[in-house]
Amino acid sequence: MDTGVLLIDTSAGPVQVTTPAPRDTWWELAGQDAATQITQTPPWLDCLCATGSYHDASRQYEFEDGRKLVLPLVGRRQRPRWLDEEESWPGGEWGIGGPVFSGGVGETQARVMFDDLARRPANRVGVWFRPGDDAVWARSVPAGFRMQPNTAHVLNLEGGFGTVWERRFHQGVRRGVRRAERSDLEVEVDRTGRLAPAFYQLFEQSIPRWAKQDHEPLPLARWRRMRIFPPSRLQMIAARLGASCTIWMARRGGEPAAAIVVLRHGNHALYWRGAMNRELAHPTRASHLLHRLAIEDACAAGCRQYDMGISVEGTTLRRFKESFGTDTFSSPRYYRERLPFRAPKQGLRWAVLRAVRFRGT
């Protein structure tokens, strides 16, 4: 694990690299960078380190003109350097990382960050960039890095909830919300983590449905989903993020029918997780109602965006997110691997999933 300050010579002049990144500078930049997501803040890195085998590998770049850039980054604990993986963030379950900066980044600064990552001793390094942030990075990425494309759905909240309801929601969403409001649903809002166990109950109930949709064997689906999202994770995130983590839950006849988790930082709200009991939720359009309430809440808090995450083309999930009037943005992950250890594992996994006609939602 590297710690300390390093001075590197670059085409932009000497650049000071500090790792781990000083928290005060990181928070300062996060406050100045209006597009910062909660998944790019120090508490999110702390959540990774608290629930997984990760350590803080974040890096601060300070340029000769005084400009600073912080890259949230974690490495793997108890691995030799040549087997290490340093990513922002690992896998898909932790969401988007990417650099936090103020005043814009030019190709020179972007190239400095990429070149520094290319020199890292870790076998794999990767950065997942936030929606719409990729243009300057795409022009600066050096040879040896590969790109994993992702499409993100972001709802523009400018104009307030009235504008969103009338001009951006599709008619089917408005109809679904009205149907839910006429039903016997009861909605709870929790900003303390109290509803985390009930949410996880719905999550477990959703796994057989997801497995059937994806043509995935249930034991594999259960193992995979619970490995990605273990029971303790949501409670820990809620405890660390406090009021920035909101659980919205709809009950029917006292039973949990649907729930969503929304994270918020500054101008940005993020729909992070969702689950439902389809037999209780679908007839009442409970999910439509929960998103409507969460979006109205984000508007009232002054948020300008409601990020609904990524989706795969042609899936039910994509159509659901598009129905709220979201715009689509490129949100790529750039990575390089010296030894392709991950590729054989992924190839074997996808060979198994193709054999069972896995489709993915």
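Trainee: In β2, which residue is the bridge partner of Leu7?

Mentor: Gln16 is the bridge partner of Leu7. First, some ground rules. This is a predicted model, where local features need pLDDT of at least 70, side-chain atom pairs count only at pLDDT 80 or more, and totals for chains, interfaces and linings use all residues. Residues are numbered from 1 along each chain as its sequence is written, and side-chain values use heavy atoms, with hydrogens and water left out.

Trainee: How many bridges join β1 to β2?

Mentor: Strands (E, at least two residues) and helices (H or I, at least four) are DSSP runs, numbered from the N terminus. Two strands pair if DSSP finds at least two bridges between them. Here 7 bridges join β1 to β2 (residues 13-19), and the two run antiparallel.

Trainee: What is the strand order in the open sheet of 5 strands?

Mentor: The order is β1-β2-β4-β5-β8, with antiparallel pairing. β1 (4-10) and β8 (100-101) each have a single partner strand, so one side of each lacks a neighbour in the sheet.

Trainee: Which strands does helix α1 touch?

Mentor: Contact means heavy atoms within 4.5 Å. Helix α1 (residues 23-32) packs on the sheet and touches β4 (59-62), β5 (68-71) and β8. For angles, axes are lines fitted to C-alpha atoms, for helices over the stretch in contact; angles run from 0 to 180 degrees between N-to-C directions. The direction of α1 makes about 105° with that of β5. Helix α3 (residues 107-118) also packs on the sheet. Its direction makes about 135° with that of β4.

Trainee: Is Ser88 buried or exposed?

Mentor: Buried means under 20% relative accessible area, exposed over 50%, partly exposed in between (1.4 Å probe, protein chains only). Ser88 has 0% relative accessibility, so Ser88 counts as buried. Ser88 lies in strand β7 (residues 85-88). Beyond four places in sequence, the residues touching Ser88 include Leu71, Gly98 and Trp128.

Trainee: Why is the pair of Phe203 and Trp210 edge-to-face?

Mentor: A pair of aromatic rings is described by the distance of the centres and the angle of the planes. Rings of Phe, Tyr and Trp (its six-membered ring) pair if their centres lie within 6.5 Å; planes under 30 degrees apart count as stacked, over 60 as edge-to-face and the rest as tilted. The whole structure holds 20 aromatic pairs. Phe203 and Trp210 have ring centres 5.5 Å apart and planes at 65°, so the pair is edge-to-face. Both residues are buried.
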